[in-house]
Amino acid sequence: MVERDRSVIFGRSGPRRPRLAAWGSRAFLPAIGRVLARRGLHRAESPAARARRAALAQAIRAGREAYVLGFNTTSHNSGAALVRVTERGRVELVCNEEEERYTGEKHCNQYPRHSVAAVLEQLRALGLGP
């Protein structure tokens, strides 16, 4: 299918003004990154995230069990997942909660507050804290 045919069928896609959108992204993303970092949320490639991964790797090498919480808030199907990394380095899924299961909204992209609450409840059941 050629590009022209696709736009006739599906409509226009992409930003109306690509240069303005690119400029806005370059200005907005670092600013929002700083705001989120102050709240303890870091991008995977940030220095803080690299330090946490190094600490996690050290804990695993020392033979300790570790838990990792991940959540998605930026696209459809927001949610939270908790995995356990065992002493032997095995990764086990403890729970995976999708926000759409709580809101009833397909492809929910809201902040996963219900999912995070469910994961926190699971942590409490395991006798752990965030």
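1. Overall architecture. The model under discussion is predicted. The protein chain contains five helices and three strands, and their order along the sequence is α-α-α-β-β-β-α-α. Of its 130 residues, 15% count as buried. Among contacts with a separation of 6 or more, 32% are between residues 24 or more positions apart.

2. Geometry of helix α5. This helix comprises 13 residues, 113–125. From first C-alpha to last, α5 reaches 18 Å, close to the 18 Å expected at 1.5 Å a residue. Following α5 comes Gly127, which has a positive phi, near 80°.

3. Which residues of α5 are buried? They are Ser115, Val116, Ala118, Val119 and Leu123. Because these residues cover an arc of only 160° around the axis, they lie on the same side of α5. The face turned away from this buried side carries the exposed residues Arg113, Arg124 and Ala125.

4. What covers the buried side of α5. The cover over the buried residues of α5 includes the strands β1 (66–72), β2 (79–85) and β3 (91–98). Helix α4 (100–103) is also included in that cover.

5. The largest pocket. The volume of the largest pocket is about 1,500 Å³. Its lining consists of 37 residues, and those nearest the centre are Gly40, Leu41, His42, Leu69 and Phe71. At least two lining residues each are supplied by α2 (18–38), α3 (47–61), β1 and α5.

6. How many residues of each class line the largest pocket? The lining has 24 nonpolar residues, nine polar residues and four charged residues.

7. Thr86. Is this residue, Thr86, buried or exposed? Thr86 counts as buried because its relative accessibility is 11%, and the cut-off for that class is under 20%. Its place in the chain is the loop between β2 and β3. With neighbours within four places in sequence left aside, Thr86 is in contact with Ile60, Arg64 and Glu92.

Note on methods. Residues numbered from 1 in each chain as written. Predicted model: local features only at pLDDT ≥ 70, side-chain atom pairs only at ≥ 80, totals over all residues. Heavy atoms only, no water. Helix = DSSP H or I, 4+ residues; strand = E, 2+ residues; numbered from the N terminus. Expected span 1.5 Å × (residues − 1). Buried < 20%, exposed > 50% of the residue type's maximum accessible area, 1.4 Å probe, protein only. Arc of directions from axis to C-beta. Contact = heavy atoms within 4.5 Å. 1 Å grid on protein atoms, 1.4 Å probe; cavity = no way out; pocket = protein on both sides within 12 Å on 5 of 7 lines; lining within 4 Å. Points joined across faces, edges and corners; volume = space filled by probe spheres on them. Nonpolar A, V, L, I, M, F, W, Y, C, P; charged D, E, K, R; others polar.
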